[in-house]
Amino acid sequence: MNTDALKDGGAKLMNIGHRAILTISGKRLLAKPFGMPLVELHTTGRKSGLPRSCFLTAPLHDADRVVLVASKGGDDRHPDWYRNLQAYPDAELVIDGERRKVHARTANADEKAELWPKIVAAYKGYANYQKRTTRDIPVVICDLVS
């Protein structure tokens with residue numbers, strides 16, 4: 001098995017474990033990893049067209065948008081959820097127990113320059129992830145749809 005497959009398998013297991021702990025604890029444990037709110041992102045698979053979901057942290061959010069970071073822990077590849085959003089930007093996410101429709105887009109250079117210091121202030125690990133890869137880690141702005 002190659003290294004990428006091991007990393008991807010580990011990430012999937014972590015997501016399954018996270019989901020199980022949240023369910024068993026009545027969403028009390030692991031609800032704010034690293035002090036950031038947890039969101040469940042629901043996308044459409046770019047290849048399969050099937051529903052996909054994963055848990056992510058949201059370093060920034062307000063009444064109009066949720067900001068996600070496609071870091072994949074500093075991996076040189078984009079996360080699948082990000083590639084799904086590139087293909088199908090209309091998605092849903094659950095934040096604070098409420099499922100909301102969103103339209104996702106990658107922040108442009110000016111937006112990222114404004115958001116990145118705030119993202120790193122929310123969780124310093126994002127700066128380390130960027131140091132691990134030559135890939136420019138995308139910042140994803142999920143605009144909430146009424």
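Of the 19 residues in the largest nonpolar core, those touching the most other members are Leu41, Val66, Leu68, Trp81, Val140 and Cys142. A nonpolar core here is a set of buried Ala, Val, Leu, Ile, Met, Phe, Trp, Tyr and Cys residues joined through side-chain atoms within 4.5 Å. At least two residues of this core come from each of β1 (38-44), β2 (51-57), β4, α2, β5, β6 and β7 (139-144). A second, separate core has 15 residues, including Trp116, Ile119, Tyr123 and Ile141.

The model is predicted: local features need pLDDT of at least 70 and side-chain atom pairs count only at pLDDT 80 or more, while totals for chains, interfaces and linings use all residues. Residues are numbered from 1 along each chain as its sequence is written, and side-chain values use heavy atoms, with hydrogens and water left out.

Leu68 touches Val39, Leu41, Leu56, Thr57, Ala58, Trp81, Pro138, Val139, Val140 and Cys142, leaving aside residues up to four places away in sequence. Contact means heavy atoms within 4.5 Å.

The protein has four helices and seven strands, in the order α-β-β-β-β-α-β-β-α-α-β from the N terminus. Helices (H or I, at least four residues) and strands (E, at least two) are DSSP runs, numbered from the N terminus. Of the contacts between residues at least 6 apart in sequence, 63% join residues at least 24 apart. Buried residues account for 40% of the 146 residues; buried means under 20% relative accessible area, exposed over 50% and partly exposed in between, with a 1.4 Å probe and protein chains only.

Helix α3 (residues 109-122) packs against helix α4 (residues 125-132) at an angle of about 120°, with the axes 7 Å apart. That angle makes α3 oblique to α4. Angles under 35 degrees count as roughly parallel, over 145 as roughly antiparallel, 65 to 115 as roughly perpendicular and the rest as oblique. Axes are lines fitted to C-alpha atoms, for helices over the stretch in contact, and angles run from 0 to 180 degrees between N-to-C directions. Lys112, Trp116, Ile119 and Val120 of α3 meet Tyr126, Ala127 and Gln130 of α4.
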